[in-house]
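Take a moment to look over the chain from end to end.

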Amino acid sequence: MAERTLSIIKPDAVSKGVIGKIVDRFESNDLRIAAMKKVQLSRAMAEQFYAIHRERPFFGELVGFMTSGPVVVMVLEGDNAVAKNRELMGATNPKEAAAGTIRADFAESIDANAVHGSDSAENAALEISQFFAEFEIL
Ligand code: ATP
Ligand code: MG
């Protein structure tokens, strides 16, 4: 069943110049780019986006990192998009990420881990609505 998920190319990958290489992973695996833009997150936006982690010890660092430079936000669409994107991303800690995944190939550390992907269809809908109006998703 066609599904949507939110993907973010994080500041480390944007500054490394691998936006195109990461987008290619999605397009080569039947995830269509339904929406895409480059944005600089404000502190408030990043705090809202990662609100679920507010009580975690790494929350301050996470928000600091996500606001350290521009990010590319995308809506990916395709069969089982949420799970497929998570599979292509690899584990949160790039040192544990399977060979050939985006994080294994482009990420340095658990903080600077190249990409975000929604973890459920429900959260995907919430996250997409934080960044895109329906008329921008094509
Ligand atoms: P994301 O939500 O960014 O796609 P994820 O779903 O793989 O990543 P989460 O558990 O949602 O992982 O954590 C969100 C982010 O917080 C991670 O991407 C990572 O940068 C950071 N993070 C998670 N766990 C830790 C940790 N133990 N130490 C430091 N940073 C962490
Ligand atoms: Mg997550």
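A residue counts as buried when its relative accessible area is under 20%. By that rule, 46% of the 138 residues of the chain are buried. Keep in mind that this is a predicted model.

Start with the overall form. The C-alpha atoms fill a box of roughly 35 × 35 × 25 Å along the principal axes. A compact globule with 138 residues would have a radius of gyration near 14 Å, and the chain agrees because its value is 14 Å. The accessible surface comes to about 7100 Å², and carbon and sulfur atoms make up 53% of it.

Next, trace the chain. It has seven helices and four strands. Along the sequence they follow the pattern β-α-α-β-α-α-β-α-α-β-α. Now take the contacts between residues at least 6 apart in sequence: 76% of them join residues at least 24 apart.

Now zoom in on helix 5, residues 81-89. Which of its residues are buried? They are Ala 81, Val 82, Asn 85, Leu 88 and Met 89. These residues lie on the same side of helix 5, because they cover an arc of only 135 degrees around the axis. An α-helix has 3.6 residues a turn, so residues three or four places apart point the same way.

What does this buried set pack against? Its partners are strand 1 (2-9), helix 2 (19-27), strand 3 (71-79), helix 6 (102-106), strand 4 (115-117) and helix 7 (121-131). After helix 5 comes Gly 90. The phi of Gly 90 is positive, near 85 degrees.

Key
Residues are numbered from 1 along each chain as its sequence is written. Chains are lettered from A and ligands numbered from 1 in the order in which they are written. This is a predicted model: local features need pLDDT of at least 70, side-chain atom pairs count only at pLDDT 80 or more; totals for chains, interfaces and linings use all residues. Side-chain values use heavy atoms; hydrogens and water are left out. Buried means under 20% relative accessible area, exposed over 50%, partly exposed in between (1.4 Å probe, protein chains only). Helices (H or I, at least four residues) and strands (E, at least two) are DSSP runs, numbered from the N terminus. The arc is that of the directions from the helix axis to the C-beta atoms. Contact means heavy atoms within 4.5 Å. The radius of gyration is taken over C-alpha atoms; the globule rule is 2.2 Å times the number of residues to the power 0.38. Accessible areas come from the Shrake-Rupley method with a 1.4 Å probe; for residues, only the protein chains shown count as cover.
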